[in-house]
Amino acid sequence: MSIKSLLFPTRQLCYLCKEKTPYLKSFTCTQCYEKLDFVYKEVEIDSLYIDRVFYALTYNRYLRELMHDFKFNRKSYLYKPFSKFIISMIKEKGIEGIDLIMFIPIHRRKEAIRGYNQSELLATYISKELNIPISRGNLIKKKWTREQNTLDRIQRLNNLRESFSIKKPEEITGKRILLIDDILTTGATFNECSKTLNKNGAKAITALALTSSKTI
Ligand SMILES: [Zn+2]
């Protein structure tokens, strides 16, 4: 390593635009940051099993494109800024007293096709940054289901019924869980996972999503 590179560390470029713009915070440059609409919003969802639900950002056109890249165009590195946005919300909202971080699982066949579970990437980074243990491979999606966004409300609820399960209930017994997903649509996925966690002994569940396409 040359002395020059020690004195002038490599510029850290914005993860969102990948332009030659250094990022200032959360791996994001000022221009990109301004295109994001931070709301840190608490949502009421119809669920007996979840204590609180929050999302960080409005699902605007800019974020929608980024989310599409994150999920389908293999831009998995976007987990870094996205996780930072969720962590900012956790701090801003004073969400505390969490024993275990979990994430919405996807079917192993889908994960094999995509190469990763985007919610697991978020949860892993958040777990490391906040120094809270993560549970992996315990909550699983056992049933292959149709994409939730292709269905109406009633179909969505039926589609997910009994589709998740817990392998090691002892890991979650009495635990206060932070459940992470990338996007909140109707809340049906959060609800069904929380139902499974609850039935297996979880004490409390706070659900967090990066964004929400839920229309109220
Ligand atoms: Zn940028």
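Author: One definition to begin: two residues are in contact if their C-beta atoms, placed from the backbone, lie within 7 Å. By that rule, six residues of domain 1 touch eight residues of domain 2. This is a predicted model, where local features need pLDDT of at least 70 and side-chain atom pairs count only at pLDDT 80 or more, while totals for chains, interfaces and linings use all residues. Residues are numbered from 1 along each chain as its sequence is written.

Reader: Where do the two domains run?

Author: Domain 1 covers 1–35 and domain 2 covers 37–212; bounds like these come from an automatic or database domain assignment. Their C-alpha centres are 29 Å apart.

Reader: What does the side of domain 1 that touches domain 2 have, by class?

Author: Three nonpolar, two polar and one charged residues. Here Ala, Val, Leu, Ile, Met, Phe, Trp, Tyr, Cys and Pro count as nonpolar, Asp, Glu, Lys and Arg as charged, and the others, Gly among them, as polar.

Reader: How many helices and strands are in the chain?

Author: Eight helices and seven strands. They are DSSP runs numbered from the N terminus, with helices being H or I of at least four residues and strands being E of at least two.

Reader: And the overall dimensions, what are they along the principal axes?

Author: The C-alpha trace of the protein chain spans about 60 × 35 × 35 Å.

Reader: What share of the residues is buried?

Author: 36% of the 216 residues. Buried means 20 or more other C-beta atoms within 10 Å of the residue's own, exposed means 12 or fewer, and partly exposed is in between, with C-beta atoms placed from the backbone. On contacts, 70% of those with a separation of 6 or more join residues 24 or more positions apart.

Reader: OK, the core. Which residues touch the most other members?

Author: In the largest nonpolar core, with 52 residues, those are I86, L122, I177, L179, I180, L208 and L210. Elements giving two or more residues to this core include α4 (79–92), α6, β6 (176–184) and β7 (204–212). Both domain 1 and domain 2 supply at least three residues each. A nonpolar core here is a set of buried Ala, Val, Leu, Ile, Met, Phe, Trp, Tyr and Cys residues joined through C-beta atoms within 7 Å.

Reader: Zoom in on I180. What is it in contact with?

Author: Leaving aside neighbours within four places in sequence, I180 is in contact with I101, F103, S119, L122, A123, I126 and L208. Among these, S119, L122, A123 and I126 are also buried residues of α6.

Reader: What do the buried residues of α6 pack against?

Author: They pack against α3, α4, β3 and β6. α6 has 13 residues and reaches 19 Å from first C-alpha to last, close to the 18 Å expected; the expected span is 1.5 Å times one less than the number of residues. Just after α6, N131 takes a positive phi of about 60°.

Reader: Is N131 buried or exposed?

Author: N131 counts as exposed, because it has 6 C-beta neighbours inside 10 Å. The residue lies in the loop between α6 (118–130) and β4 (139–141).

Reader: Now α8. Which elements do its buried residues pack against?

Author: β2, β4, α7 (153–160), β5 (164–166), β6 and β7. The buried residues of α8 include F190, C193 and L197. Its twelve residues should span 16 Å, and the end C-alpha atoms are 16 Å apart, which agrees. Just after α8, G201 has a positive phi of about 105°.

Reader: Last one, Y59. Where does it lie?

Author: Y59 is in the loop between β2 and α3, yet it counts as buried, because it has 20 C-beta neighbours inside 10 Å. Beyond neighbours within four places in sequence, Y59 is in contact with R64, T211, S212 and S213.
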